[in-house]
Amino acid sequence: MISQFPRTTLIPLQSPKYWAKEKDRYIRQLLISDIQELTQRPLVVYFAQLDQTINHTDPDDLSEILSDITVRYADIIIQTPGGNVDAAEKLVGILKHKLDSWRIIVPSWAKSAGTVIALSAQEIIMGVNSELGPIDPQWIANGISIPCDILGNDPTQPFHIREMAKMFVQRNKALAKDLLETGMMQDQEESYIEEALAKISSASGYNSHGAVIDYEEAKSIGLSVNYLDYNDELWKKIWLLYCLYDYDTKAKGIGRVIEGVKLSIARPK
């Protein structure tokens, strides 16, 4: 990629009209190549707009992009508001099948189910703009988001609603516990893991599903996090790449992009 226009005076290998149509992608992939050269690790980007939640098309797309990686480790940039926890679990399963280890990089936000995915990594890389979020499951009714652990203990609710809410809470916590026990907290005592889970998987932990878990808070919980300073060369490139995705997706009405240095899949809103 680094030998192709616009990095040199060479004419692109693609047809001119096709290159012009895909120029935003090619420029992003040049920057992915730059970041890979700096880290000596393959890089895959999962970028979704704020109103685009994780769904069951994502694992297949991620699997296809990862098929281009020939080593058993990678960095994954994640930008997501969260979404379907079953789809998130399948995404993690794809990572486990394709890779032995991975780092999750969060330029801006990886909330809810995005945080669940981040918990599967050996390390989470964060910067000044980065935020994770609580992973307490929510019950959506009439456009209102209600914490399931509150709903599950509300005697005014029908029995089946309370039982389903309790099941969602138990399922989410069990998944997060398994990811931590087999990943970044595998060397910690169970009580240490339970303490972390009690805060991030409960509605009372932060009193808001949208609460900000920044680097300092993530570190205090006990997560394996690495902070990149705003002036760090790697962070500057990561942030520039994030800005390209943010602008390109909004300008072209793209809902989400999963992309590597060569392969790319974009989904409309």
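Visitor: What volume does the largest cavity have?

Guide: Rolling a probe the size of a water molecule over the atoms shows where empty space is left. A cavity is a set of points, on a 1 Å grid over the protein atoms alone, where a 1.4 Å probe fits but cannot get out. Here the largest cavity has a volume of about 80 Å³, the volume being the space filled by probe spheres set on the points. This is a predicted model, in which local features need pLDDT of at least 70, side-chain atom pairs count only at pLDDT 80 or more, and totals for chains, interfaces and linings use all residues. Residues are numbered from 1 along each chain as its sequence is written, and side-chain values use heavy atoms, without hydrogens and water.

Visitor: Which residues line the largest cavity?

Guide: Lining residues have an atom within 4 Å of a point. For the largest cavity they are Tyr46, Leu62, Ile76, Ile78, Leu91, Leu95 and Ile117. By class, this lining has 7 nonpolar, no polar and no charged residues; Leu, Ile and Tyr count as nonpolar.

Visitor: Which residues line the second largest cavity?

Guide: Its lining is formed by Val45, Tyr46, Phe47, Ile77, Gln79, Pro107, Ile238, Tyr242 and Tyr245. The volume of the second largest cavity is about 40 Å³. Its lining divides into 8 nonpolar, 1 polar and no charged residues.

Visitor: How many disulfides are there?

Guide: A disulfide is a pair of cysteine sulfur atoms within 2.5 Å. The count comes to 0.

Definitions and conventions. 1 Å grid on protein atoms, 1.4 Å probe; cavity = no way out; pocket = protein on both sides within 12 Å on 5 of 7 lines; lining within 4 Å.
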